[in-house]
Amino acid sequence: MLITHYLPRLSIPICQSPFFHTQIFFFTKPKFSVSSTLISPPKISHFSSTSTIPSLTHQETTNSEEPHLQISLEKLFVPPDTEISATDVPRILKGSNIVVSKYARDAQISQAEFIKSSVDTESCPSDGAPEFALVGRSNVGKSSLLNSLVRRKKLALTSKKPGKTQCINHFRINDSWYLVDLPGFGYASAPKELRTDWAKFTKDYFLNRSTLVSVFLLIDASIPAKKIDLEYASWLGQNQIPMTLVFTKCDKRKKKKNGGKPPEENVQDFQELIQEFFQAAPPWIMTSSVTNQGRDEILLHMAQLRNYWLKH
Ligand code: GDP
């Protein structure tokens, strides 16, 4: 399929971007809290973020043990072409700040195949299909997440083969869109030139890949924020590259007495640390490849961004 509509994401200021325009609205609205797992007011108490999501057929992510998150209205990510008001409680994807939009459909993956490894943006597939790029520090859980999204144990191993770790690896999904595995960054034992290589290697891709719908920046939620992750997020924010924060390893709970914070607190801290670089809160989502937490929600988030992108 040839897609000719490209998102004009780099040509307009952040506050006018289709990904952000509906959020500006919230700066003038009163603050109140909503729960991301069960919407609180009694008149709509049957609205749970999992039971009302269209297109979700796999519900194994539901886990009553997962803590409920309280998110204030202005911290929500409202997808483009979606209006919410202070009187209607929005539907929010579980374990995230993402409002469900009318574009939320066709989320499930039925087919996934490795297409190619590219050494630069020009060599990437040119069929115009929309894509989502997964990126994160080495060991953040990127391969595990990719395998969990496509429900294939070893698909992401392709990206780990010698010669491919520093490439842009394209996986075609349902023969209509791409998941893209970008090189991991921040190898502790790698020489400095390689550690900073993400700048040279991937900046060009982020800035020039017209079919890139959103970068998915993976952050380990079981540990406090790392400087390199904050730098990466702020660079994306300052360059107005649409970004979703995917918090990984949310099943890992370190003991408090050892100074460990629960994942929810690390998630909160990370957002406070990057908020100055964003005019509106970027979408974020909590995941675990061990429990499958967040899997269906990521797919639905991708679907609603993708469906909007295809229409505009
Ligand atoms: P990559 O280098 O970013 O591709 O990371 P991997 O997917 O290879 O994972 C690195 C390590 O983290 C492996 O030991 C995984 O088993 C572990 N891991 C990945 N995801 C999770 C998760 O969601 N929860 C936990 N507890 N461990 C994980």
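I count a polar contact as a pair of N or O atoms within 3.5 Å; within protein, one must be able to donate a hydrogen and the other to accept it, and residues adjacent in sequence count only if both atoms are side-chain atoms. The model is predicted: local features need pLDDT of at least 70, side-chain atom pairs count only at pLDDT 80 or more, and totals for chains, interfaces and linings use all residues. I number residues from 1 along each chain as its sequence is written, and side-chain values use heavy atoms, with hydrogens and water left out.

**Entry 1: the ligand**

Lys249 places a polar side-chain atom 3.1 Å from a ligand oxygen atom. Backbone atoms take part as well. A polar one of Lys142 is 2.9 Å from an oxygen atom of the ligand, and a polar one of Ser289 is 2.8 Å from a ligand oxygen. I then looked up the cover. The ligand taken alone exposes 580 Å², of which the protein buries 71% (areas by the Shrake-Rupley method with a 1.4 Å probe; for residues, only the protein chains shown count as cover).

Next I listed the shell, taking a residue as near if one of its heavy atoms lies within 4 Å of the molecule. There are 13 residues around the ligand, and Ser143, Ser144, Lys160, Asp251 and Ser289 come nearest. Helix α2 (residues 142-150) gives the most, with three residues. For helices I used DSSP runs of H or I, at least four residues; strands are E, at least two; both are numbered from the N terminus. By class, the shell holds two nonpolar, six polar and five charged residues (nonpolar: Ala, Val, Leu, Ile, Met, Phe, Trp, Tyr, Cys and Pro; charged: Asp, Glu, Lys and Arg; polar: the others, Gly among them).

**Entry 2: the aromatic rings**

I paired rings of Phe, Tyr and Trp (its six-membered ring) with centres within 6.5 Å; planes under 30 degrees apart are stacked, over 60 edge-to-face, the rest tilted. This rule gives nine aromatic pairs. Tyr103 and Tyr308 are edge-to-face, because their ring centres are 5.6 Å apart and their planes stand at 85 degrees. Tyr103 is in the loop between β2 (70-72) and β3 (112-118) and Tyr308 in helix α8 (residues 295-311), so this pair ties together parts 205 residues apart in sequence. Both Tyr103 and Tyr308 are buried (under 20% relative accessible area; exposed is over 50%, partly exposed in between; 1.4 Å probe, protein chains only).

Phe206 and Tyr232 also pair edge-to-face, at 6.1 Å centre to centre and 80 degrees between planes. Phe206 lies in helix α5 (residues 197-208) and Tyr232 in helix α6 (residues 227-238), so the pair ties together parts 26 residues apart in sequence. Phe206 counts as buried, at 0% relative accessibility. Tyr232 is buried at 0% too. I found a cluster here: ring pairs link Phe185, Tyr205, Phe206, Tyr232 and Trp235.
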